[in-house]
Amino acid sequence: MRHLLGIEGWRREELETLLDRAEAHLPGGSARSPVLQGKVVANLFFEDSTRTRTSFEMAAKTLGAEVLNWTAQGSSVSKGETLLDTARNIEATGPAAIVIRHRSSGAPHLVAQHVRCAVINAGDGTHEHPSQALLDAFTLRRHWGKLEGRTVLIIGDILHSRVARSNLLCLKALGARVVMCGPPTLLPVGLEEMGAEVTTKLDAALPEADAVMCLRLQLERQTESFFPSTREFSRLFGLTPARAERMKAGALVMHPGPINRGVELAPAVADGARSVILEQVANGVAVRRAILEVCT
Ligand code: CP
């Protein structure tokens with residue numbers, strides 16, 4: 001049994017082994033299906049999700065597990081039940097793993113200290129979203145073979161993005177160059193110390209990238225007036241068809257979802273020939289099958 005609380009703490013060889021296992025979990029792959037037969041995976045989602053929750057559910061069910069889907073809405077959280085009480089009560093029903101998403105950074109780490117089953121972080125606050133980074137790296141690896149020598153440009157609301165942080169750790173560990181680009185107020189301090197190159201000059205950065213990952217403008221976390229409006233952001237940092245023309249031939253467009261169409265990403269680019277956005281989603285099931293296999 002092992003937790004997946006973040007990319008931090010996982011060595012390169014361990015990440016590569018997990019991605020190799022995910023290959024075997026692709027449709028038609030060599031992985032055995034019922035390895036979780038007789039086990040239960042509990043999804044604990046204190047925040048909304050479409051992709052991550054359904055993907056973990058699909059991964060668990062296709063490995064033979066039963067899935068308990070718990071969401072904060074309709075639960076005793078409304079009566080004041082704490083995170084730890086909720087997690088320990090769910091654990092008492094006997095799951096092999098708890099997959100948890102929470103608005104507070106560190107929530108999965110706290111839960112992991114108080115339960116005996118595996119804890120998998122499905123996104124904690126602005127901290128990490130490790131399964132997203134793994135499926136992103138997996139998608140790139142399937143296109144490129146390896147990440148060494150490749151440049152991934154991550155654009156947008158880096159400040160609030162757990163996806164950006166996990167991707168930076170994962171892509172750097174696997175040998176890629178990572179460039180972060182956005183308005184100054186959405187670029188947190190410390191990115192260079194984590195190995196990123198940082199720029200506010202999108203038009204100069206685009207031609208260097210082998211993949212461009214657009215991030216959602218997280219308006220629900222932007223409580224201060226110094227953040228750009230959606231209109232300003234779209235004008236200065238949105239990936240429009242004209243900007244996509246500046247990309248290398250063959251460079252890929254990614255987005256973890258959900259997309260603010262017409263804000264960080266124009267619909268024509270999101271749905272265009274360069275886009276691997278739905279491949280990311282499809283690959284997420286194989287990657288999460290590998291995560292559940294390794295952790296339970
Ligand atoms: N990428 C991602 O975390 O999407 P959801 O919020 O829909 O799970």
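Helices (H or I, at least four residues) and strands (E, at least two) are DSSP runs, numbered from the N terminus. With these names in hand, we can walk through the structure. It is a predicted model, in which local features need pLDDT of at least 70, side-chain atom pairs count only at pLDDT 80 or more, and totals for chains, interfaces and linings use all residues. Residues are numbered from 1 along each chain as its sequence is written.

**Two domains**

The domain assignment divides the protein into domain 1 (12-128 + 281-295) and domain 2 (130-279); such bounds come from an automatic or database domain assignment. Taken over C-alpha atoms, the centres of domain 1 and domain 2 are 25 Å apart. Where they touch, 23 residues of domain 1 are in contact with 20 residues of domain 2. Here, two residues are in contact if their C-beta atoms, placed from the backbone, lie within 7 Å. On the domain 1 side, α1, α2 (51-62), β4 (118-124) and α11 (277-295) each supply at least two residues. Which element gives the largest share of that side? It is α11, with seven residues. By class, the side of domain 1 that touches domain 2 has nine nonpolar, nine polar and five charged residues. In this scheme Ala, Val, Leu, Ile, Met, Phe, Trp, Tyr, Cys and Pro count as nonpolar, Asp, Glu, Lys and Arg as charged, and the others, Gly among them, as polar.

**How the helices pack**

The table gives their angles and axis distances; axes are lines fitted to C-alpha atoms, for helices over the stretch in contact, and angles run from 0 to 180 degrees between N-to-C directions.

| Helix pair | Angle | Axes |
|---|---|---|
| α1 (residues 12-24) and α5 (residues 130-144) | about 70° | 10 Å apart |
| α5 and α11 | roughly 115° | within 8 Å |
| α2 and α11 | about 55° | 8 Å apart |

With its angle of about 70° to α5, α1 is therefore roughly perpendicular to α5. Angles of 65 to 115 degrees count as roughly perpendicular, under 35 as roughly parallel, over 145 as roughly antiparallel and the rest as oblique. In this contact, L18, L19 and A22 of α1 meet L134, A137, F138 and R141 of α5. Six of these residues are nonpolar, none is polar and one is charged.

Helix α5 also packs with α11. S131, L134, L135, D136, F138 and T139 of α5 make the contact with E279, Q280, N283, G284, V287, R288 and I291 of α11. These residues divide into five nonpolar, five polar and three charged.

The helices α2 and α11 are oblique to each other. R51, S55, F56, M58, A59, A60 and T62 of α2 meet V281, G284, V285, R288, R289 and L292 of α11. By class, that contact has seven nonpolar, three polar and three charged residues.

P258 is found in the loop between β9 (252-254) and α10 (267-270).
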